[in-house]
Every structure is written in structure tokens, then in C-alpha cells.
Amino acid sequence: MTTQSRPRVLIVGGGFGGLYAARALRRSDVDVTVLERGTSHVFQPLLYQCATGLVSEGSISSPLRHLLRRQKNAHVALGEATTVDPGARVVTASRFDGSTYEFAYDYLVVAAGMQQSYHGHDEYIQHAPGMKTLDDALTVRRKLIAAFEMAEALSTAEERRPWLTFAVAGGGPTGVELAGQIRELATRALADEFRSIDPGEARVLLLHGDDRVLPSFDRKLSAAAQKTLDTVGVETHLGVHVTDVTGTDVETTSKAEPKTVTRYDTRTVLWTAGVEAVPFARQLAEALGVEQDRSGRIAVESDLSVPGHRNVWVVGDLMSYQDLAGVAEVAMQGGRHVGSLIATDSSDPTASRQAFRYRDFGTAAYISRGHALVQAGPLRMSGFLGWVSWGVIHIAFLSGARNRVGTLINWAATLATGSRRERAITFGDPETARRPYR
Ligand SMILES: Cc1cc2nc3c(=O)[nH]c(=O)nc-3n(C[C@H](O)[C@H](O)[C@H](O)COP(=O)(O)OP(=O)(O)OC[C@H]3O[C@@H](n4cnc5c(N)ncnc54)[C@H](O)[C@@H]3O)c2cc1C
């Protein structure tokens, strides 16, 4: 590490929270290091479109170094934070090759986000990828495309059926968006491309524990979403928990008594049913002597600092504060707030700290072509109007002008022709790629 006299700000995580905290410090006399386990800032809200071949992974992500290239006080480090020593003010991280290095800090901002939760059943991961990272999206894409290809290569309807059955666990925004997109992929993009199968026969099961999809939305909006899902052919099963996932089927158990257990033969199970804190959060909480909530989030004070640690903040999905939802706006505003607090504190440590006030600009969810929901304060939009608003919001927050233009072009082409061009799949590393079918 470089020796320096300026205050050192270490930001763990280059998602929305971390990036906005770093940017808020661009004019400050501090040295900022963004420690990120991947090389890119990923726009998670469009991961499901990447998974279903609508947009490329490059158009929903931007290299962090590129995003921060003009911010001369900012450094980017590739590594995964593993431990923190609050006494010594040092974070230890794993490098890409597994070796470790240390980062000394005066201010620490943790914006490491959440990961998919399998609720104690991590054995499901191998069969049911989640939807939180670029790796997840590309794995899901591979599973989807391979399933249609497998079905085409089989000779009987019975053999094909499990390959043409897709189960999505979780009826929140990501599950709903993913289920709708799989039906669109099957009925529009792939419609004329196969000779033995009719991709439109793809059965998409949406498995959800609640009594309605999108429970975080107003009841009327979630009813509108359900209607659209029915219209596009998604088969929704409410009030059920997924209780087993294998490589060949998925089991659900009804929440209501008497318990009904159902098994569906399927080769593709996708998991969007819940999130939990990333592993670093646990070590952080232990080292700082603070509690985590049931999902592993860390409770913060009104200025978003960790209780008893005025120089450590948690922002974004990982923070637990006033029941704020895990959405991009909360992370962006939180990151910005903490960045400006540090800017003030680094020049005047006696300055009083302002409490974080969240301005709710609402939430949105895509259902299918021409249908989306937007809920902002008293405003409720669904159908076409919601869809247009959804598009404007997402383009506005996508990082990089090139990504915005590229995504708009892709959307327009898909809208006009139904085609999806981002369907390339890879087999993995060169060794597996050489013998992919073993
Ligand atoms: C599929 C999907 C769809 C979504 N749709 C919407 C939507 O439509 N609207 C909306 O507002 N929100 C949406 N969200 C939520 C939104 O993306 C999150 O609220 C937001 O990304 C949170 O930002 P964050 O900075 O807290 O965490 P993240 O964006 O998750 O960033 C955390 C970063 O920390 C890195 N990291 C993790 N652990 C470590 C470590 N130990 N060391 C170093 N780096 C680490 C990760 O690699 C990641 O880059 C969606 C999320 C998903 C997954």
C-alpha cells in the first residue's frame, strides 16, 4: 500500500452503495480505495434480461476502473474482504490468486450487498442457480438455452417434457420477471427456430410461498401482474414452499394444512427465493461486536454508522435501517450520504452529523412485453404506462452512455422482431470446453 498522510477511505463493494459513496468523495482531500471482489459494477435489475438473451453481460455492467478513471483520488482494488480488525483499522482481503493483502483505513464503508439465500439448503445451488451476479445470469442462460437444445435432440414427448419445464422459485420481482421472460423467450424469440419441438409449449412454473405474487407491491398491482402472468402462460403456484431440488425434479409442500407434497419433473430450477448477507458481514459483525438480523443485515445508527464505531458505516442492501427495502435507490442515497459525511468529517471531525433521510422514488417491476408495475408514493401504474415508465427508470440508472444506447437498441430490436441475439453460451474453462459432453 502507498504511504500517505491524507485520510484513507476504504469502501468494500463496488455496487450502487459503494460507487455512490466513492463518487461523493471526488472533491475531498482523501484517498479512496474501492475494494471489490469482481472487476465490474453490475446493474442487477437487468440480470434476468441477460439470463434470457435480451441484453449482453457487457451492457449491464461497467468496469469499475473505467467508471472511476477521472476521479484521481480513487483507487480500485480487486479482492474479497475477509476480515476486519477495528482496533488496528485494517481490512484483510483475498487477492484473485488466493493470497492475502491488507488495507489500512481511517474510514470504512461496507457496501458488500447480499447473496442468494437457500435457507439452509446450500445443496440446492448446484441444481438451482440464483440471480444475483453475472455468473448467475450466464449460468441461467446456459441452462435455459441448453434445455431447449436438449429437448430438440430427444425423440419422444415424454423425454422432452422435463427439459421443457422450467421452475422458478420465488414470486418476488426477480422471480416474476424471470418467469415472464422465459415465456417470452419461448413464444417469441425461439418460436421459428426449432424443427422438432414447439418452444411455445414450454411450461413455466412460478412457485411462491405467499398468497400473491409481488407481495411488496400494492394488492391491486400484484393482481394486475398475476393477470398478465396468466395471459403469457406462466403457471403460478401460491402458498407453497420448495422443499427439495434435484437435478431431475423439484418438490413443493403446501403451507396450509393438510400439507400437500407435489413433485414436478424438470431439468431447470431457478432460485430467487430470498437473500442473505454476504459472508464478510458475519466477520464484520463479530469483529465490531454488533448483532445481525435474521438475514444477516447489520443495524446502523441514524447516520448509517455502526453503533459504537463512528468511523465504520454500512450502506445499501446490507444495512438494516428503518425497514428500508433492499433496492438500488436506498443504496445510492445511502452511499451518497455517507460519502458526504466523510467529506465533512475529514476536514472537521467536530462537525455534527446529519441523519440519513431516504427519499422514496418508488419501485418498479417488469412483468412482460408492454406490462410493468410502478409504485411511487400514492402513484400506481401498471400495463403499458407502467412499462414505459419502467423502461425510462432503468435506462436512467444504467451506468455508462454506451450501455444505455446499446440496451435501448437491443430492446427496440426485440420489440420489433421478437428476436434475442445475446444467446451465446460457454462451456466453462478451456479444458471443459474441449470436452463439453463428458
Ligand atoms: C435480479 C435483481 C433485480 C433487481 N431489480 C431491482 C429493481 O428493479 N429496482 C431496484 O431498485 N432494485 C433492484 N434490485 C436490487 C438492487 O440491485 C440492490 O438493492 C442494489 O444492487 C444494492 O446495492 P448494494 O451496493 O448494497 O449491493 P450490490 O449492488 O449487491 O453490490 C455489492 C458489491 O459488493 C461486492 N462484494 C461482496 N462481498 C464482497 C467482499 N467481501 N469484498 C469485496 N467486495 C464484495 C459484490 O461483488 C458487489 O459488487 C434488484 C436486484 C436483483 C438481484
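Leu-214 sits in the loop that runs between strand E12 (203–207) and helix H7 (219–232), where helices (H or I, at least four residues) and strands (E, at least two) are DSSP runs numbered from the N terminus. Its phi is near 50 degrees, a positive value in a residue other than glycine. With 0% relative accessibility, Leu-214 counts as buried; on this scale buried means under 20% relative accessible area, exposed over 50%, and partly exposed in between, with a 1.4 Å probe and protein chains only.

A word on the ground rules before the tour. This is a predicted model, in which local features need pLDDT of at least 70 and side-chain atom pairs count only at pLDDT 80 or more, while totals for chains, interfaces and linings use all residues. Residues are numbered from 1 along each chain as its sequence is written, and side-chain values use heavy atoms, with hydrogens and water left out.

**Backbone points worth a look**

- Most residues other than glycine have a negative phi, and most peptide bonds are trans.
- Gln-322 has a positive phi of about 50 degrees although it is not a glycine.
- You will find Gln-322 in the loop between strand E22 (319–320) and H9, and at 60% relative accessibility Gln-322 counts as exposed.
- Glu-257 and Pro-258 are joined by a cis peptide bond, with omega about -10 degrees.
- Pro-258 belongs to the loop between strand E15 (249–254) and strand E16 (261–265).
- Thr-260 is also placed in the loop between E15 and E16, and counts as partly exposed at 45% relative accessibility.

- Seven of the nine residues of helix H1 (residues 16–24) are buried, so the helix is largely enclosed by the rest of the structure.
- The buried residues of H1 are Phe-16, Gly-17, Gly-18, Leu-19, Tyr-20, Ala-21 and Ala-22.
- The axes of H1 and helix H9 (residues 328–347) come within 7 Å and cross at roughly 30 degrees; axes are lines fitted to C-alpha atoms, for helices over the stretch in contact, and angles run from 0 to 180 degrees between N-to-C directions.
- H1 and H9 are therefore roughly parallel to each other, given that angles under 35 degrees count as roughly parallel, over 145 as roughly antiparallel, 65 to 115 as roughly perpendicular and the rest as oblique.
- H1 passes H9 in a right-handed crossing; a crossing is right-handed if the near helix is turned clockwise from the far one by less than a right angle, and left-handed if anticlockwise.
- His-337 is found in helix H9, and at 12% relative accessibility His-337 counts as buried.
- His-337 and Val-315 lie 22 residues apart in sequence, and their C-alpha atoms are 9.3 Å apart in space.

**Helices H10 and H11**

- Helix H10 (residues 383–397) and helix H11 (residues 401–417) have axes that come within 10 Å and cross at roughly 150 degrees.
- That angle makes H10 roughly antiparallel to H11.
- The crossing of H10 and H11 is right-handed.

**The second largest pocket**

- The second largest pocket has a volume of about 560 Å³.
- Of the 20 residues that line this pocket, the closest to its centre are Arg-142, Lys-143, Ala-146, Met-150 and Trp-163.
- A pocket here is an open set of points on a 1 Å grid over the protein atoms alone, where a 1.4 Å probe fits, with protein on both sides within 12 Å along at least five of seven lines; lining residues have an atom within 4 Å of a point.
- Grid points are joined across faces, edges and corners, and the volume is the space filled by probe spheres set on the points.

- Val-34 lies in strand E2 (residues 31–36) and counts as buried at 1% relative accessibility.
- Pro-279 is found in helix H8 (residues 279–288) and is exposed, with a relative accessible area of 54%.
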